[in-house]
Structure formats: C-alpha cells, structure tokens
Amino acid sequence: MSTTHVQSLPNMRGRMSYTEFGEGKRRRAHLENGTDRIASQMGDAASREDFIVYCEGQKHRHPNAVNEGYELRISWATDELDPGKADDIQRGMEYAYTLCHELAPDSMCWVTMHVDGEGGCVHAHATIANHDARTGQVINKGDTSLYAPRVKAVNDELSRENGFSVLGADKEMSLWEQKRETFQPGSFDRRLGDRVADARDRSSTLDEFRRNLELSGVTLKETTKTDGKTGEVTTGWSYKAVDEWGPKRRTRKRRASNLADDLTREGIEAYFEAKQRELEAQEQDAPAPEVLPDVPETAEPAEQPPADFALDVYDLDRAYVSEMASDLQRAHIHRSREEGKPFMDERYERLVEARNHPDEQLAKLREDVDAARREFYASKEARDTLQHPCPGLLAGMHVFAKAGRDARDPVSRMMADMTAMMLRMMIQQALAEERRRQREEAERRVYESRKSMWDAEKRLKAAEKALSDEDEREKRLKSERMQRRVKEAEQRAPVRTPRSADKDTQFGE
C-alpha cells in the first residue's frame, strides 16, 4: 500500500537540493564526504541540473506564476517494497514516474528515490514542472488533478493495475443506474439525475457534456472551498434546473454527491478519462497498413465484389409493379367504399395507368433504387474514412512503440518512450483537429437545414396570416352587404300612418 502527499514548490532548486543531500547535520556530512542520499533517480531531462534550469526558465517565462513546480511524495510499506532490494526501488521509481504522467501528462518530471527516512520505507519525491508543454501555460492545480482527493483516487487506481494493495477499505461507488430507483417516480431528483446521466452518455468530452447539459435545461455550478487548517482546495459540483412537475414552478438545485457518485466531478472526469483511454487503445491496436505489391499499369484491375451486396442483387421486375398496382387499386376501392366516397378519382386513374403501363413505373423505381444505392455507398465510404483517418501516423506510432520495447538499456528506452510520446501527441492533435473540423462542418449543415426549416415555417405563418386576413375581409364585406340590403329594404317599404290615440278620431265618429 502507498500514501501520497502533494505540495507546491516556489523554489525548485532548494527542494531538489534537499532531496539530494538532506538538511542539518546529514547535509553537512554528505557535502564533506562527497556523498548524497539518493537511492535511485530518473526523469525527463538529461540531469537534475538540467531539470532545475528548465523549471527556473519556465518561471521567467511565466512571471505571474507563484510556483516553479509541484512535489508528489509516495511512500510504500516495507512489506510491499523492501528498501534492501534494488529491484523494489526500481519498481517504485518507475511507478512514481508513471503516476506523474497520469496526473500531468504534458509536463516534465524528475523522480528521486529515498530509503533513509525515519520509518525506513521506500519513498519517492516526484517533482513536476509547472509548465504544460501542450498548452504552453502553467499548470492550474484545480484543473489538472493535482489536488489531494484526485491524486489519491488516481494512485489507488494505478496501484491496483500494478499489483499494489490499496490503503483502507475501498468505498463502493454509487451509480445512478441503481441510485435512481431510490427516488420516487416523477420526482425532481429522479428527473434531474436522468437529464445529467443522459447528457453524460451522449458526450465524448467534458466540454461537450457541459453543452449538452445546457441544451437539456440544466445549469452546472462549481463551488470551491479552502480548508483553513490544511489549505487544501476542493471543488464540488451542483446541478440546477426548473422544476416544472411540482406543485409550484420554481428553480431547484441538488448537489451532485446527493444524486450519485458517478455524477460528481470526480465521477464525470473519471468517465471521460476512461473513454479517452479506450479510444487510444483502439487506435494503438489498429493493425498497421498492409503493403500491397506494385501492379503494372497495363494490368486490368480485378473486380472485387462489394462487402454489402444486398442492394446489388436486388432487382425489380415489371411483374412486381403490376401486382403492387393491383393491390393498391383494390385497397383504394375498399377504403373509398368504407368512407362513402366515389373511388373514381385521380388516385384511381394513376393506379390504373401504373397497372396497364408498368414499364414507366419500373423505370422510376429503378432510378430511386440506384439513387439509394449510391447514397448508401457514399455514406459507407465516409464512415470508413472517419474510422481510419491517419493510418500512416498509426503505423509510425507502432514502429516507435516497438523500438521502445526492444531497447536494451534504460536511456534508449527512455528516449524511445519520449519519441513515441511526442508522436502520440502529434497524432492526437491531428485527430482532434480533424474531429473539430468535421464537427464544425456538421454544425454548419445543421444550421443551414434549421434555417431552411425556419424559412419554411415563416412562409407557412405568412400564408396562414394571409388566409386569416382574407377570411376577415370576407366577413367584413358580407356584413357591409347585409347592412346595405337592410337599408335598401327599409327605403323601399311604404310609409304607414301612425294610429291616433283618440278613439273617436280613430273610428271616424
């Protein structure tokens, strides 16, 4: 089992001097005798001094940076790594080097091994330069997993992979698939967790996960807290959404840890890291391109049967068209009789024409099948091209990886590993750029189709408004005609003499 501790290094030279000679009486004794306390060491630079100069130079390159690097201390129990065995010390040094590049894959590191501690355990001082070679920026401790909980989690996972035991009992990680059953059906927690899990499953990267959350109506909030005693900085996630199903429509929030462990920041990051490792493993396992023999220009290329020949062997016959037209004609007559309508309409005439002249309909159907076949093969070619975008680069990576395995001395292995690592970075950048270009092209096509859809909707609304205005106009004209007719009728009616209220006058008496 191993324990880890991370600390910031404002002065890399001072810390490297301590790991080489110690301090106090021990330091003076080493300097007087010309010895040091290093049991073994390795790193990405040619020497310790070169690594120190590199870190100091990056500090001048980033004048606003506080630290020149970080130190990761890893210690093993004596029953797991024996300080008296050189093989165990070498194993611990290689493990510490691997752990550094798991936490900061694009930063240089230097590992110093000691066996002269108070407990006599094998322990490593792994220093990491505060510079990311890929981005050209300093390391952000909160974004590169160099904080204590994440370091412990990665160390435990790597320990299991390398046959080391893990300190303490493993806590079973709660998954949303099982945890969702503990919430009531239709509750806010269950609906919110389903949205977050769906956004995670539909994403390939953390940035895409954030975008899918926004599209699902979920807001991700990060909360950073600093321990006043230890100074440790931790970052937690919470999800916020509008509760539209409760008794009152309102915005509610839930901590990610209250939903499930695999929906927290650590769980989401581990999910995408595992996904990236699977993609890289698939790229590395891809077979090298087969070298084909030269074919003379005069030779006729042999016809190769297509892999998907289902569309090629399917052919239409005029009998199919006649039978189909007859069936449709009977169905049309039956439906018309059920609806109480005459079946002798335009559709019936077209069906009769198709049954009597199947050749014309057969030609149209064959054109449709040919178009579908061409579209199928075009899409299949595009898919196959995307699956194997850079076979030459993958083959080169296999060559360098094999050279690293076949190297005999440690220096050659280290140089071959560094070369393979740089080639791997180049391949990843090329693939990322290609994926970005394809994603932008797909988004552009989506936006264009969406614009066409919106234009069609606008035209439809304009037509509906025109029809509505026409109905209003007809109603208004009808009302005016009725009023005019009433007035005309009143004018044509004879004038009646009003009856007198006097009885004698009324009867002429």
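Let's start with a strand pair: six bridges join S4 to S5, and the two run antiparallel. One of those bridges pairs Met-113 with Ala-124 in S5. Keep in mind that this is a predicted model.

How far can we trust it? The protein averages a pLDDT of 76, and 72% of the residues score at least 70. Confidence is highest in strand S4, residues 109-114, at a mean of 94. It is lowest in helix H11, residues 310-313, at 42. Over residues 291-314 the pLDDT is below 50. Beyond near neighbours in sequence, that stretch has ten contacts in the model. Where pLDDT is low, the predicted coordinates should not be read in detail.

Back to S4. On its other pairing, S4 meets strand S2, residues 40-43, in the antiparallel sense over four bridges. There, Gln-41 has Thr-112 of S4 as its bridge partner.

Which way do the S4 side chains point? Cys-109, Val-111 and Met-113 go one way, while Trp-110, Thr-112 and His-114 go the other. In a regular strand the side chains alternate between the two faces of the sheet. Is S4 buried or exposed? Six of its six residues are buried.

Now a residue in S5: His-123. His-123 is buried, because its relative accessible area is 14%, under the 20% cut-off. A polar atom of its side chain lies 3.3 Å from the backbone oxygen of Cys-121. Further away in sequence, the contacts of His-123 include Arg-37, Trp-76, Thr-112, Met-113 and His-114.

Next, the aromatics. The count comes to eight aromatic pairs. Take Phe-51 and Trp-110: the pair is tilted, 6.4 Å centre to centre, with 35° between the planes. Phe-51 lies in helix H3, residues 48-61, and Trp-110 in strand S4, so the pair ties together parts 59 residues apart in sequence. Both Phe-51 and Trp-110 are buried.

Tyr-95 and Phe-164 form an edge-to-face pair, 5.3 Å centre to centre and 80° between the planes. Tyr-95 sits in helix H4, residues 86-103, and Phe-164 in the loop between helices H5 and H6, so this pair ties together parts 69 residues apart in sequence. Tyr-95 is buried, with a relative accessible area of 3%. Phe-164 is buried too, at 5%.

There is also a cluster. Ring pairs link Phe-209, Trp-237, Tyr-271 and Phe-272. Tyr-271 has a charge over its ring: the charged end of Arg-200, 5.0 Å from the ring centre. Arg-37, one of the His-123 contacts, places its charged end over the ring of Tyr-18, 5.2 Å from the centre.

Definitions and conventions
Residues are numbered from 1 along each chain as its sequence is written. Side-chain values use heavy atoms; hydrogens and water are left out. pLDDT is the predictor's confidence in each residue, from 0 to 100. Contact means heavy atoms within 4.5 Å. Buried means under 20% relative accessible area, exposed over 50%, partly exposed in between (1.4 Å probe, protein chains only). A polar contact is a pair of N or O atoms within 3.5 Å; within protein, one must be able to donate a hydrogen and the other to accept it, and residues adjacent in sequence count only if both atoms are side-chain atoms. Two strands pair if DSSP finds at least two bridges between them. Rings of Phe, Tyr and Trp (its six-membered ring) pair if their centres lie within 6.5 Å; planes under 30 degrees apart count as stacked, over 60 as edge-to-face and the rest as tilted. A charge sits over a ring if NZ of Lys or CZ of Arg is within 6 Å of the ring centre and within 35 degrees of the ring normal. Lists of a residue's contacts leave out its neighbours within four places in sequence.
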